[in-house]
Amino acid sequence: MLAVNDTNLCDNMKMYMDKVTDDYETMIVTRKNNKNVVMISEESYNNLMENIYVMGNKENYGWLMKGKSQLEKGQCSVHELIEAEDE
């Protein structure tokens, strides 16, 4: 995790945004009066929102964990995909 003050961020905005997006860094922008900001990439944000959604639905989460357990125990099978024909 990176930490940078707001003045330094403004002076080097492109460099810091590239670090956040290219290196998957999370950056804390420190500001006066402890009003800090966290900067993450859009990809990281979308991943976080998806995880919150999945974890927030107990039935869905339980279904996923059951599938994960079955996979880890080798209780799964492989199927060929069937291409749908154009009508």
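This report describes the sheet and a surface patch of a predicted model.

Three strands make up an open sheet in the order 1-2-3, and their pairing is mixed. Strand 1 (2-5) and strand 3 (37-39) are the edge strands, each of which pairs on one side only. From one strand to the next, the twist averages 25 degrees.

| Strands joined | Direction | Bridges |
|---|---|---|
| Strand 1 and strand 2 | parallel | 4 bridges |
| Strand 2 (residues 27-30) and strand 3 | antiparallel | 3 bridges |

Individual residues show how these pairings are made. Val29 in strand 2 is the bridge partner of Val4, and Val29 also stands opposite Val37 in strand 3. Met27, for its part, stands opposite Met39 in strand 3. Both Met27 and Val29 belong to the covered face of strand 2, whereas Ile28 and Thr30 make up its uncovered face.

Strand 2 and strand 3 form a hairpin with 6 residues between the strands. In this hairpin, Asn33 adopts a positive phi near 60 degrees.

**The nonpolar surface patch**

A nonpolar patch on the surface is formed by Val38, Ile40, Tyr45, Leu48, Met49 and Ile52, which together have about 520 Å² of accessible area. Which element gives the most to this patch? Helix 3 (residues 42-56) does, with 4 residues. Ile52, one of the patch residues, lies in helix 3.

Technical notes: Residues are numbered from 1 along each chain as its sequence is written. This is a predicted model: local features need pLDDT of at least 70, side-chain atom pairs count only at pLDDT 80 or more; totals for chains, interfaces and linings use all residues. Side-chain values use heavy atoms; hydrogens and water are left out. Patches are made of residues with over 30% relative accessible area and no salt bridge: like charges are joined within 9 Å, nonpolar side chains (Val, Leu, Ile, Met, Phe, Trp, Tyr) within 5 Å. Accessible areas come from the Shrake-Rupley method with a 1.4 Å probe; for residues, only the protein chains shown count as cover. A salt bridge is a side-chain nitrogen of Lys or Arg within 4 Å of a carboxyl oxygen of Asp or Glu. Helices (H or I, at least four residues) and strands (E, at least two) are DSSP runs, numbered from the N terminus. Two strands pair if DSSP finds at least two bridges between them. Axes are lines fitted to C-alpha atoms, for helices over the stretch in contact, and angles run from 0 to 180 degrees between N-to-C directions. Buried means under 20% relative accessible area, exposed over 50%, partly exposed in between (1.4 Å probe, protein chains only).
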